[in-house]
Amino acid sequence: AVRKVIEGEKVEACFVVVRLSEKEFGQVLLVPDTVKPKIRMLYASSSAHLRNASGLPIGSDTHAVKVSDLAPALFSRTEEDTKQMMTEQEKTKEKIDAMPIAPATTAMAGVGCPLTPEGAKAAEEFVAGEIKAATFTVTQTSITVDKTFPKDANTEAVIAGVPADQPRYIILKSDDKSFLVYVCPNNLKPKERMLYAASKNFFILEMGNRNLKFERRLEIDDINTIEQAIA
């Protein structure tokens, strides 16, 4: 019946989806040799998209060059046939899926970078209201305080104290609210960006251990925008 419809409609090329069993469908790309290369390429590049977009359990994906090829035998193929029909993207995905999964790490992100005693002291002074702000740097071995700012300092002083091309964690008070600002410049090297990102949760935990809770946590790429960010 399907062959008759295709022949009757004089379809140049098409996709045919057939039910093979209760839980399996087959997809056929019918493109005769007489079809122009441009049309053939268009259909070939759409095959995987149709299979994924249909949402059907497609168990067999094959192609035919003649309407008369549309028969049950078309869906009987070997594993080698299947591989030959796969796109390069599908072959790559199959290789990735076959790779062994690395064991999940149980270490806490940033646990290798503890807060130094100087950093802990700055956090405690901040909680006690003795300072306006403090900036922190991260190394491979620790998180330490970089600078502290007296309680009568303004935000401009904090901006001036942070190099524009360097990352920082900043704890800051404004309008009786506590802020955590992570400054991550766009030109930061990937290795340094990862170091700070991996330490963020641990830094927040260390602050929490000193009864410091933030009304807001912000991430900016330019220290000069800190006033707008906390407004």
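Q: Which residue in E2 is the bridge partner of Phe 15?
A: In this predicted model, Phe 15 has Leu 29 as its bridge partner in E2. Another residue to look at is Arg 19, which stands opposite Phe 25 in E2.

Q: How do you know that E1 and E2 count as paired strands?
A: Pairing asks for at least two bridges between the strands. Seven bridges join E1 to strand E2 (residues 24–30), so the two are paired. They run antiparallel, and a hairpin joins E1 to E2 through two residues.

Q: What is the order of the strands in the open sheet of three strands?
A: The order is E1-E2-E3, and the pairing is mixed. On average, neighbouring strands of this sheet are turned by 20° against each other, direction ignored.

Q: What makes strand E1 (14–21) and strand E3 (58–64) stand at the edges?
A: Each has a single partner strand, so one side of each is left without a neighbour in the sheet.

Now to the rings.

Q: Why is the aromatic pair of Phe 136 and Phe 203 called edge-to-face?
A: Their centres are 5.1 Å apart, and rings pair if their centres lie within 6.5 Å.

Q: What does the pair of Phe 136 and Phe 203 tie together?
A: Phe 136 belongs to strand E4 (residues 131–138) and Phe 203 to helix H7 (residues 190–208), so the pair links parts that are 67 residues apart in sequence. Both Phe 136 and Phe 203 are buried.

Q: Why is the pair of Tyr 169 and Phe 203 called stacked?
A: Here the planes are 15° apart and the centres 4.7 Å apart. Under 30 degrees counts as stacked, and 6.5 Å is the limit for a pair, so this pair is stacked. Because Tyr 169 lies in strand E6 (residues 168–174) and Phe 203 in helix H7, the pair ties together parts that are 34 residues apart in sequence. Tyr 169 is buried, as is Phe 203.

Q: Which residues form one aromatic cluster?
A: The cluster is made of Phe 136, Tyr 169, Tyr 182, Tyr 196 and Phe 203. The structure holds six aromatic pairs.

Q: How do you know that the charged end of Lys 173 is within the distance limit for sitting over the ring of Phe 126?
A: The charged end of Lys 173 is 3.7 Å from the centre of the Phe 126 ring.

Terms used. Residues are numbered from 1 along each chain as its sequence is written. This is a predicted model: local features need pLDDT of at least 70, side-chain atom pairs count only at pLDDT 80 or more; totals for chains, interfaces and linings use all residues. Side-chain values use heavy atoms; hydrogens and water are left out. Rings of Phe, Tyr and Trp (its six-membered ring) pair if their centres lie within 6.5 Å; planes under 30 degrees apart count as stacked, over 60 as edge-to-face and the rest as tilted. Helices (H or I, at least four residues) and strands (E, at least two) are DSSP runs, numbered from the N terminus. Buried means under 20% relative accessible area, exposed over 50%, partly exposed in between (1.4 Å probe, protein chains only). A charge sits over a ring if NZ of Lys or CZ of Arg is within 6 Å of the ring centre and within 35 degrees of the ring normal. Axes are lines fitted to C-alpha atoms, for helices over the stretch in contact, and angles run from 0 to 180 degrees between N-to-C directions.
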